[in-house]
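Me: Please zoom in on one part of this model for me. I'd like to know how it sits and what it packs against, then how the rest of the packing looks.

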Amino acid sequence: RARSPARCADLLREGRLLTLTGAGGAGKTRLALRLAGTLAAGFPGGVWWVDLAPLTGREAVTGVVARAVPLVPAGADLDTMADVLGEVEALLVLDNCEHLGAGVPEFLDSLLRATRALRVLATSRGVLEVEGEIVWRVHPLAVPPAGARAVELRRYDAARLFLERAGHARPDVRPQAPDVVAVCRQLDGLPLALELAAARFRTVTMTQILAGLD
């Protein structure tokens, strides 16, 4: 992941909408948080984070964004929002867009057309298909091959993440290489799943973790 924030920052400077896509648990939100922090100084109008996960209807998108953006009056409609943000150099981050259907794409298409300096960073399991959208795919972490030895594990991001988190959970015991390989491969290198599995190492054995995954 080391090069991702810098490359994504470049892409967001080239275009006005960058969408981080990937499977659930791949690390889209974490990358967006890091990217927003990296870019904050370059947006004098501010960086605004909006979590769309709790929403159940597409019509609520404008309202929740209006509440999150301090420059916009509470209850403002899309036209009012666009008027207020017309020349503002700011970054709007929309997290978890995938479950609202056309609600987010329609909102973003209208807002970006009506403003000139606003940029948007979105996370979604699928492409939003808004004109001008740049897509960055957040892939799972690299997993070790079957039969990898202990000395080889830290070459693979999935194994390194699991070992670090397992070490935090239980510093006195180091998981055996075959078990680490099996966990990483069964969880497809998804960071969130690896962290959840490693946290269980505090109270159960690797044998029990693997049995639970089966």
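Reply: Cys8 is buried, with 0% relative accessibility (buried means under 20% relative accessible area, exposed over 50% and partly exposed in between, using a 1.4 Å probe and protein chains only). Keep in mind that this is a predicted model, where local features need pLDDT of at least 70 and side-chain atom pairs count only at pLDDT 80 or more, while totals for chains, interfaces and linings use all residues. Residues are numbered from 1 along each chain as its sequence is written, and side-chain values use heavy atoms, leaving out hydrogens and water.

The structure ends up with 0 disulfides (a disulfide being a pair of cysteine sulfur atoms within 2.5 Å).

Helix α1 (residues 4–14) packs on helix α2 (residues 28–39) at about 65°, with the axes 10 Å apart. Helices are DSSP runs of H or I, at least four residues, and strands are E runs of at least two, numbered from the N terminus. Axes are lines fitted to C-alpha atoms, for helices over the stretch in contact, with angles from 0 to 180 degrees between N-to-C directions. So α1 and α2 are roughly perpendicular; that label covers 65 to 115 degrees, with under 35 roughly parallel, over 145 roughly antiparallel and the rest oblique. Their crossing is right-handed, meaning the near helix is turned clockwise from the far one by less than a right angle. Cys8 joins Ser4, Pro5, Ala9, Leu12 and Arg13 of α1 in touching Leu31, Arg34, Leu35 and Leu39 of α2, where contact means heavy atoms within 4.5 Å. By class, that's 7 nonpolar, 1 polar and 2 charged residues (nonpolar is Ala, Val, Leu, Ile, Met, Phe, Trp, Tyr, Cys and Pro; charged is Asp, Glu, Lys and Arg; the others, Gly among them, are polar).

Now for the other helix pairs. The axes of α6 (residues 157–169) and α8 (residues 191–200) come within 8 Å and cross at roughly 30°, which means α6 is roughly parallel to α8. Their contact includes Leu161 and Phe162 of α6 and Leu194 of α8, and it divides into 10 nonpolar, no polar and 2 charged residues.
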